[in-house]
Amino acid sequence: MRTVVVGAGLVGLTAAVSLRMSGHEVTVLEQASEVRAAGAGIGLWPNALRELDALGIGGDVRHRGRTVSPRFFDATGHPIRAVGHSSAEQDFLMVARADLSNLLADTLGRDRIRPGTHVTGFAEHAAHVEVHVDQGAPLQADLLIGADGVHSEIRTALVPGSAAVAHTGNYAWRAVVPSGSERPEGTFVTIGRARTRGGYTRVAQSQTMWWIGQFDAGELAGTKRDRALHRAGNLAEAGWHEELLNMIAATPEESILENQIMLVPELPRWTTDRVALIGDAAHGLSPHIAAGGTLGIEDTGVLRDELARDSDTAAALARYESHRRTRFEQVRQHSRAVETADGAVESAERYAAFTHWMLTD
């Protein structure tokens, strides 16, 4: 089967590797001039790691990452535990996105990736789908996968009027910096004043990621560093988090990522007979539940299995969509519950309920 994947992010590359191993002739189209990861670090839950194990790269990924136990703290550093849930239920692997992207690209074969290719749309026919690009002739494929993120061109063509919308006031700041004298176990989720959360964690032996997120962030004044430091102050009381404040203050301005969080509206469909959306292109949510990468990688496994099970592509895509939409309805409910939690204790309890559901349902 000739398959075109649009987007060489983590989910697109995982889908490409998975489908190539299933016998697909895969081409990945990437708008950027090179394969590069947007973001700093990514958390991979056991669900995602099982899929990467099936691709034969789970061990390499674990070697590159660091297991994180996302303990919750209040703004004074008091640890919070959710009653009735073990800490092991919340452990995940934190990996630098760039390392994972390079591993996936090498596993796929970089000759199968066409960087600098802007996809402008597609035309679906009975026997094939035609993928339109801004330069050169259209590509013909049996299957088109849109893995091009929250601003997906494939989604726009599939569902007109589905552009991502700003989650008003929800901003995130983060950076990966050289590890120093900060505590190696990290402070991954501190819940502070003014609907602010953040902390830091090791993403590799010598790299640490810090992050700050705030709902209802208000006016953004000063530089990116100023804005991140101002919000980090909401997480630092009674001497707690001095190392976080110092880390942010020492981060070069150009190394700080600042993002207005964008949401993908609930869609009437994710698939047609020969086209499927996966990952953030289908269901981009706020990153405060730290599960976007895992959910996207889950998509790839379900999609591969359904395609392998049935030679009728349309039927396979319909089953993929039905399965994933049902699961994602629950994800949305948990995401809203965590977002609206009141304080550190309720945040920890609602997040633990989400992780338990994600790993057992």
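**Entry 1: two loop alanines**

I began with Ala194, which lies in the loop between β14 (189–191) and β15 (196–204); strands here are DSSP runs of E of at least two residues, helices are runs of H or I of at least four, and both are numbered from the N terminus. The model is predicted, so local features need pLDDT of at least 70 and side-chain atom pairs count only at pLDDT 80 or more, while totals for chains, interfaces and linings use all residues. Residues are numbered from 1 along each chain as its sequence is written, and side-chain values use heavy atoms, with hydrogens and water left out.

I noted that phi of Ala194 is near 55°, a positive value in a residue other than glycine. Most residues other than glycine have a negative phi. Ala194 counts as partly exposed because its relative accessibility is 47% (buried means under 20% relative accessible area, exposed over 50%, partly exposed in between, with a 1.4 Å probe and protein chains only).

I then looked up Ala238, in the loop between α6 (224–232) and α7 (242–250). Its phi is also positive, near 55°. Ala238 has 76% relative accessibility and therefore counts as exposed.

**Entry 2: a sheet of three strands**

I traced an open sheet in the order β3-β7-β4, with antiparallel pairing (two strands pair if DSSP finds at least two bridges between them). Its edge strands, β3 (41–44) and β4 (66–68), each pair on one side only. I found four bridges between β3 and β7 (residues 92–96), and Gly41 has Ala96 as its bridge partner in β7.

Helix α4 (residues 97–108) lies across β3 and β7 and runs at about 85° to β7. Contact means heavy atoms within 4.5 Å; axes are lines fitted to C-alpha atoms, for helices over the stretch in contact, and angles run from 0 to 180 degrees between N-to-C directions.

**Entry 3: the nonpolar cores**

I asked which residues have the most contacts inside the largest nonpolar core. They are Leu44, Val61 and Leu144, in a core of 89 residues (a set of buried Ala, Val, Leu, Ile, Met, Phe, Trp, Tyr and Cys residues joined through side-chain atoms within 4.5 Å). Helix α1 (residues 10–21) gives the largest share of this core, seven residues. Leaving out residues up to four places away in sequence, I saw Val61 touch residues including Leu44, Leu93 and Leu103. Another core, of 16 residues, lies apart and includes Tyr171 and Trp173.

**Entry 4: helix α10**

I checked the length of α10 (residues 313–339): its 27 residues should span 39 Å at 1.5 Å a residue, and its end C-alpha atoms, 38 Å apart, agree with this (the expected span is 1.5 Å times one less than the number of residues).
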